Amino acid sequence: MEYHNKQIISMLKVLFMMILMIMGTQTHAQLSSDFYAESCPSLFPAVRGVMQRAVAKERRMAASLLRLFFHDCFINGCDGSILLDDTSSFRGEKTAGPNNNSVKGFEVIDKIKSRVEKLCPGVVSCADIVAISARDSVLLLSSDFYAESCPSLFPAVRRVMQRAVAKERRMAASLLRLFFHDCFVNGWDGSILLDDTSSFRGEKTAGPNNNSVRGFEVIDKINRGLRNSVQASSHVQTLSPSVLVTPSSWLSHLRAFT
């Protein structure tokens, strides 16, 4: 199967946001957007307040914090360990080769942690603060870019995702992992979807991914659904060369998750 580059990029971006929404609305005991509703009800407004000031000062900080979250998740899972400072007997992720003088946003996380700790001492984990800041960082850049040109885009993705997660709840995490694995090599370009050919070996069958990363069939279904949609098909080929859903638009649909 061959994917056009712009559609690959677009599909993963839409999928990422849909996955976060579905994980927030369909998982209960393990993952819940209202986990801190009683123990720290002011958590989300506190994070949002710091994030608004940080992004207003430097819009690029939104992307930096999303990247920080990804780098944290890549080593030992999304545990907040990227925030740990080195000591005389410990060298952590923060100053490791791929992160040192590269990953940004630690000072924003520190401000959020300080604010949250004053409101709810000893309640909210650092890992959750990193995750919430990553979500809010893109929410703050949201708009309805394709509301008129491709209004069926998000409902089409959501329908396939809802069926896939209802059939296998683990699929939500699998697709989020697929997204992270794509980001790790050459950035966020969707190249993990490319099939091998006689002259090309891609990321899909590379050592860390082969028989490990999954969810490709769900992306295939979404792609076919969009192509078969009378409303969407007339727009898919004429969207902007860089993205189907840009960073300034996907997270408008995450407001239901906040």
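Let's start with aromatic pairs. There is one in this structure. Two rings of Phe, Tyr or Trp, taking the six-membered ring for Trp, pair if their centres lie within 6.5 Å. Planes under 30 degrees apart count as stacked, over 60 as edge-to-face, and the rest as tilted. Here the partners are F35 and Y36. Their ring centres are 5.0 Å apart and their planes stand at 85°, so the pair is edge-to-face.

A word on the source. This is a predicted model, where local features need pLDDT of at least 70 and side-chain atom pairs count only at pLDDT 80 or more, while totals for chains, interfaces and linings use all residues. Residues are numbered from 1 along each chain as its sequence is written, and side-chain values use heavy atoms, with hydrogens and water left out.

Back to the pair. Is F35 buried or exposed? Buried means under 20% relative accessible area, exposed means over 50%, and partly exposed lies in between, with a 1.4 Å probe and protein chains only. F35 has 55% relative accessibility, so F35 counts as exposed. Y36 has 8%, so Y36 counts as buried.

There is another ring to look at. K94 lies over the face of F106, at 4.6 Å from the ring centre. The rule for a charge over a ring is NZ of Lys or CZ of Arg within 6 Å of the ring centre and within 35 degrees of the ring normal.

Now the overall picture. The protein chain has nine helices and zero strands. These are DSSP runs, numbered from the N terminus: helices are H or I with at least four residues, strands are E with at least two. Of the 258 residues, 49% count as buried. Take contacts between residues at least 6 apart in sequence: 75% of them join residues at least 24 apart. Contact means heavy atoms within 4.5 Å.

Next, a helix pair. How do α6 and α8 pack? Helix α6 covers residues 153-167 and helix α8 covers residues 216-228. They pack at an angle of about 145°, with axes 10 Å apart. Axes are lines fitted to C-alpha atoms, for helices over the stretch in contact, and angles run from 0 to 180 degrees between N-to-C directions. From α6, the contact uses L153, A156, V157, V160, M161 and A164. From α8, it uses V218, K221, I222 and L226. By class, that contact has nine nonpolar, no polar and one charged residues. Ala, Val, Leu, Ile, Met, Phe, Trp, Tyr, Cys and Pro count as nonpolar, Asp, Glu, Lys and Arg as charged, and the others, Gly among them, as polar.

On to a loop. G105 lies between α3 (60-74) and α4 (106-119). G105 is buried, with a relative accessible area of 1%. Which residues does G105 contact, leaving aside neighbours within four places in sequence? They are M61, L65 and L68. G105 and L65 are 40 residues apart along the chain, yet their C-alpha atoms are separated by 5.6 Å.

First, F74, in helix α3. F74 has a relative accessible area of 34%, which makes it partly exposed. R177 is 103 residues away along the chain, and the two C-alpha atoms are separated by 9.0 Å.

Then L119, in helix α4. L119 is partly exposed too, at 35%. Not counting residues up to four places away in sequence, L119 touches S42 and A46.

Last, C126, in helix α5 (residues 126-139). At 33% relative accessibility, C126 counts as partly exposed. Setting aside residues up to four places away in sequence, C126 touches L83 and K113. C126 and I109 are 17 residues apart in sequence and 8.7 Å apart in space, C-alpha to C-alpha.
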